[in-house]
Amino acid sequence: MTALPDWLTQVPLGAALDYAAVVVFALTGALVASRQQLDLVGFIFIAALTAVGGGTLRDLLIGRDTVFWVGNPTYVLIAAGAAVVVFFTAHLLESRYRALLWLDAWALAVAVPAGVAVTMRLEHGPVIVLIMGVVTGTFGGLMRDVVCNEVPLVLKQGELYLTCAFAGAASALIANAAGLDRLSALLICGAVTFILRAGSLRFGWKLPVYKARPPRQY
Amino acid sequence: MTALPDWLTQVPLGAALDYAAVVVFALTGALVASRQQLDLVGFIFIAALTAVGGGTLRDLLIGRDTVFWVGNPTYVLIAAGAAVVVFFTAHLLESRYRALLWLDAWALAVAVPAGVAVTMRLEHGPVIVLIMGVVTGTFGGLMRDVVCNEVPLVLKQGELYLTCAFAGAASALIANAAGLDRLSALLICGAVTFILRAGSLRFGWKLPVYKARPPRQY
Amino acid sequence: MTALPDWLTQVPLGAALDYAAVVVFALTGALVASRQQLDLVGFIFIAALTAVGGGTLRDLLIGRDTVFWVGNPTYVLIAAGAAVVVFFTAHLLESRYRALLWLDAWALAVAVPAGVAVTMRLEHGPVIVLIMGVVTGTFGGLMRDVVCNEVPLVLKQGELYLTCAFAGAASALIANAAGLDRLSALLICGAVTFILRAGSLRFGWKLPVYKARPPRQY
């Protein structure tokens, strides 16, 4: 009676989102590795770190019995595969930096609902669900940028980044409280996250930043 | 018969110190966010990271069943509140950098005894108590500085920083071994930490640093 | 009937390798501290972070009940002792940077089999054993370099580093699958790791790095 194909209902929603986030974040990690001119093993290392970093921190923080990829190493093998593909094809891209930004936006829009889904299922309260959505969405990219000495995307001025993750996770909570089913809430979460980030990248949407007084003259 | 007010005896000492450390470290995180000209959500992110970073690492390392703020998200809400206050008031400060240094000194002087209190209560031995005092005191600020690309305070030459945390935690152990009650030991711990750090900031107290030979002439 | 001396068979192999890795990584941490001109407490902090960082992450990821040095603080005391020795003797070295590179090579060649040994003993599958060998071998040095703002060795272009750890851990798995006993597999693991790293340092062995198209002329 359900409209969903069988294979989709057999994978738990949180796990399916984790898979998607792993692939897209791995691609961004490999693109940063290409900017650092690493070798193939370096691509795999940075891709895997980016791909599983946020979900790993989430699992440690909420005290899951097993970190998701330790229980199922397929995640890491997928990230490694994505790194190999990028190593041999990144030169085909018009602009690797633009590709990186847009892939990172997609990854964010998948990883935030992934964090929300896993944490909701463990029956945590709304504040923790919100935080874990943000953590899962942003810490993989943050580790990638800190290790590779790039300016972290979370710190870029005049862009929405953390705000997209916050708003996405919050909208999942609101949808859930309004009685929507879990799948709809997660779809809304991903859509809000992506639309805000895409709007920031394309149209320059942003929040006012802190402005200090102009420095005094001495 | 006790001289302590009722409300104080009802909160476990470790939790009370954790609350205080969260507030003051959150203020330092928000001040660093203001130096990076982030938006309000960025302030909240960096403030929360700084506020709970050290205690989170402590809880993961000593294997507590639940990380302190995951069991009680009030901590994170308080950190977020502190970030909002700083966002709207930091321009009133004469020098944000001096305020940052002094608030960080206060945070250190509260977080080291917080780490000591929690670890002692779990009956760990003196070396682990010492290490967890230092970890709780310093890693939140270290994460803040690494993510924001500031020179970590733990690395600043010619200043006492790690030494204050070490000495504070050690004095708590000595006071404890000398038979003092826990409250007194923690007060001594905080006082030693703060006095050493304040003396370093105001009077330039320091330990000798490693000096390499002068570079050879070629 | 065994050729091994008694004391060697009484310490579990994983623990013995952890001890050795702690000493050598602590020496590298202290050498980086000397390049940063820290004081004695700073030496101890960076040495301990480097010495136990990789093994700590491994233990958190594989969900060991107790992080290795929290259960047995001797590890940290040994790292502190190594830091003190370096503080007073590093000026005797001809070139501290060369000493750092070679000690780091030795540390890598001990820490990778340490990670493999601990993870094999907990009956994890080959992918997780491989990853934990690499994590134990590389993350201590990575934390050292990120905190001290040095270019991480894992990112150095035109050198084998991660590859040595990967190949070493893989060779342990192959030796194990070929029916060799654990001690032999770990010896092969360490030897492969060290020979590849030494060959890279001395003879410039490397893998091809990613080369982007030359930048277009505008």
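Predicted model: local features only at pLDDT ≥ 70, side-chain atom pairs only at ≥ 80, totals over all residues.

Q: Which surfaces do the copies use?

A: In general, a rotation about an axis and a shift along it relate two copies of a chain. Here the copies use different surfaces, since 7% of the contact residues of chain C recur in chain A.

Q: How many residues of chain A and chain B are in contact, and what area do these chains bury between them?

A: Contact involves 29 residues of chain A and 30 residues of chain B. Chain A and chain B bury about 2500 Å² between them, with 70% of that area on carbon and sulfur atoms.

Q: Which elements of chain A give two or more residues to the side that touches chain B?

A: They are α3 (40–61), α7 (126–147) and α8 (162–177) of chain A. Among them, α7(A) gives the most, with 9 residues.

Q: How is the side of chain A that touches chain B divided by class?

A: That side of chain A has 21 nonpolar, 4 polar and 4 charged residues.

Q: How many salt bridges and residue pairs in polar contact are there between chain A and chain B?

A: The count of salt bridges between chain A and chain B is 0. The rule for polar contact finds 3 residue pairs across this interface, with both residues at pLDDT 80 or more.

Technical notes
Residues numbered from 1 in each chain as written. Chains lettered and ligands numbered in written order. Heavy atoms only, no water. Contact = heavy atoms within 4.5 Å. Buried area = accessible area lost by both parts, 1.4 Å probe. Salt bridge = Lys/Arg side-chain N within 4 Å of Asp/Glu carboxyl O. Polar contact = N/O pair within 3.5 Å; in protein donor to acceptor, adjacent residues only side chain to side chain. Helix = DSSP H or I, 4+ residues; strand = E, 2+ residues; numbered from the N terminus. Nonpolar A, V, L, I, M, F, W, Y, C, P; charged D, E, K, R; others polar.
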